[in-house]
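Please look over this protein model.

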Amino acid sequence: MKNADILTGITTTGTPHLGNYVGAIRPAIESSKEENKTSYYFLADYHAIIKCQDPARIRQSALEVAATWIAMGLDTEKSIFYRQTDIPEIPELTWILTCMTSKGLMNRAHAYKAAVDYNETEQNDPDKDVTMGLFCYPVLMAADILMFNARKVPVGKDQIQHIEMTRDIAGRFNNQYGEHFILPEAVVDEKSAVLAGLDGRKMSKSYNNTIPLFESEKKLRKLIMKITTNSLAPEEPKDPQTCTLFAIYKAFAKADEVKAMEKRYRNGIAWGVMKQELFEYLNEILKEPRDIYSRLIEAPGDLDAILKQGAMRAREYSVPFLEKIRKAVGIDSLF
Ligand code: TRP
């Protein structure tokens, strides 16, 4: 198996929504189709237990995330799709890298710093609710990436720091033990849309304003009807650029359809009409994947088999590579 040209992980704590799809899943599926590129995509379930200690939620989310990627068209023959927890070499590499990571570097990690800042404003002990999992989270992420010598790592802006840290850790390892790791690069896709949610703010689980990708048709319609608009009457010209409905439409529609819709805004399309059309448009796109998704969720055995198959392929790389890393640090057969 070849090292990763592209690698990214999805933390399994939530239910995938339209914003996840447009911002991360869709671009990843697209780049997995590039010829002669090896892409690795994985469910970051070791990461999930850092921030979520509800086993039922963790299990359900892994199922939903896996089913979403496949329902949306990820080719699991072409790309390598696996669960982080099916690769035992990752936690082993994590420890080796932990020994190459200065504590000072981790002190600067923003997830940890945010927790400390919060405690300070609340006048708590600065370590309150800070686990070693949270503190060392960037090392686990470095292991995810370095395990497969990934060159490009598509991430959101908030993750750039972790890629910098990965480079730092890899560089230190290479200095000490020889050139074993490729230094990865973060890829932040400025084009990929940040989708607005029900209330107009960024669609995000933490704002509770999401539209899950695979709700029933009825629920999808209900959620779209709930999207906030201004109070302009039908017939009054409307500004598409400041409208959440339009932003969502634009994230899915073709260029000429977007143009035509812009014109209808200027001509004063009524909010009720726009909402109904947006619902119909999205529903048409999501109908088929929704059926695939439901079938996958009902047959978790099939999903599990796909992920196990992915893990087997990933381990064709990680097992021999970790062997090499162990040798490099002096952990080797004694005879
Ligand atoms: N920490 C990333 C996030 O919260 C998810 C993730 C885990 C990841 N391991 C990774 C992303 C490795 C890219 C590469 O979004």
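## Charged pairs

At 31% relative accessibility, Asp304 counts as partly exposed. The term covers residues between two limits: buried is under 20% relative accessible area and exposed is over 50%, with a 1.4 Å probe and protein chains only. Lys308 is partly exposed too, at 41%. The side chains of Asp304 and Lys308 meet in a salt bridge, 3.5 Å from N to O. A salt bridge here is a side-chain nitrogen of Lys or Arg within 4 Å of a carboxyl oxygen of Asp or Glu. Both residues sit in helix H14 (residues 300-329), 4 residues apart, about one turn of the helix. Helices are DSSP runs (H or I) of at least four residues, strands are E runs of at least two, and both are numbered from the N terminus. Asp86 joins Asp304 and Lys308 in a network of salt bridges.

The structure holds 15 salt bridges. One of them pairs Lys37 with Glu34, with the closest N and O atoms 3.4 Å apart. Lys37 is partly exposed at 33% relative accessible area, and Glu34 is partly exposed at 37%. Lys254 and Glu257 form another, at 4.0 Å from N to O. Here Lys254 is exposed, at 53% relative accessibility, while Glu257 is partly exposed, at 23%. Side chains of opposite charge can pair when their charged atoms come close.

## Basis of the model

This is a predicted model: local features need pLDDT of at least 70, side-chain atom pairs count only at pLDDT 80 or more, and totals for chains, interfaces and linings use all residues. Residues are numbered from 1 along each chain as its sequence is written, and side-chain values use heavy atoms, with hydrogens and water left out.

## Two domains

The domain assignment gives domain 1 (6-193 + 300-329) and domain 2 (214-295). The bounds come from an automatic or database domain assignment. The C-alpha centres of domain 1 and domain 2 lie 34 Å apart. Each domain supplies 9 residues to the contact, where contact means heavy atoms within 4.5 Å.

How much area do domain 1 and domain 2 bury between them? The value is about 830 Å², with 77% of it on carbon and sulfur atoms. Buried area is the accessible area (1.4 Å probe) that two parts lose on being put together, summed over both. In domain 1, Leu18, Ala71 and Met72 lose the most area to domain 2, together 53% of what that side buries. Helix H1 (18-32) and helix H3 (55-71) are the elements that give two or more residues to this side of domain 1. The rule finds 1 residue pair in polar contact across the interface, both residues at pLDDT 80 or more. A polar contact is a pair of N or O atoms within 3.5 Å; within protein, one must be able to donate a hydrogen and the other to accept it, and residues adjacent in sequence count only if both atoms are side-chain atoms.

## Nonpolar cores

A nonpolar core is a set of buried Ala, Val, Leu, Ile, Met, Phe, Trp, Tyr and Cys residues joined through side-chain atoms within 4.5 Å. The largest one has 53 residues, and Leu18, Trp69 and Ile211 touch the most other members. Helix H13 (residues 271-298) gives the largest share, 9 residues. Domain 1 and domain 2 each supply at least three residues to this core. Apart from it lies another core of 43 residues, including Leu7, Phe42, Phe135 and Ala314.

Leu18 touches Leu195, Met203, Ile211, Leu213, Ile248, Phe252, Leu282 and Leu286, not counting residues up to four places away in sequence.

Leu134 lies in helix H7 (residues 132-135). Is Leu134 buried or exposed? It counts as buried, at 17% relative accessibility. Beyond its neighbours within four places in sequence, Leu134 is in contact with Ile50, Ala111, Tyr112 and Ala115. From Leu134 to Leu18 is 27 Å, C-alpha to C-alpha, and 116 residues in sequence.

Ser204 sits in the loop between strand E5 (185-187) and helix H10 (217-226). Ser204 is buried, with a relative accessible area of 14%. Not counting residues up to four places away in sequence, Ser204 touches His17, Asn209 and Thr210.
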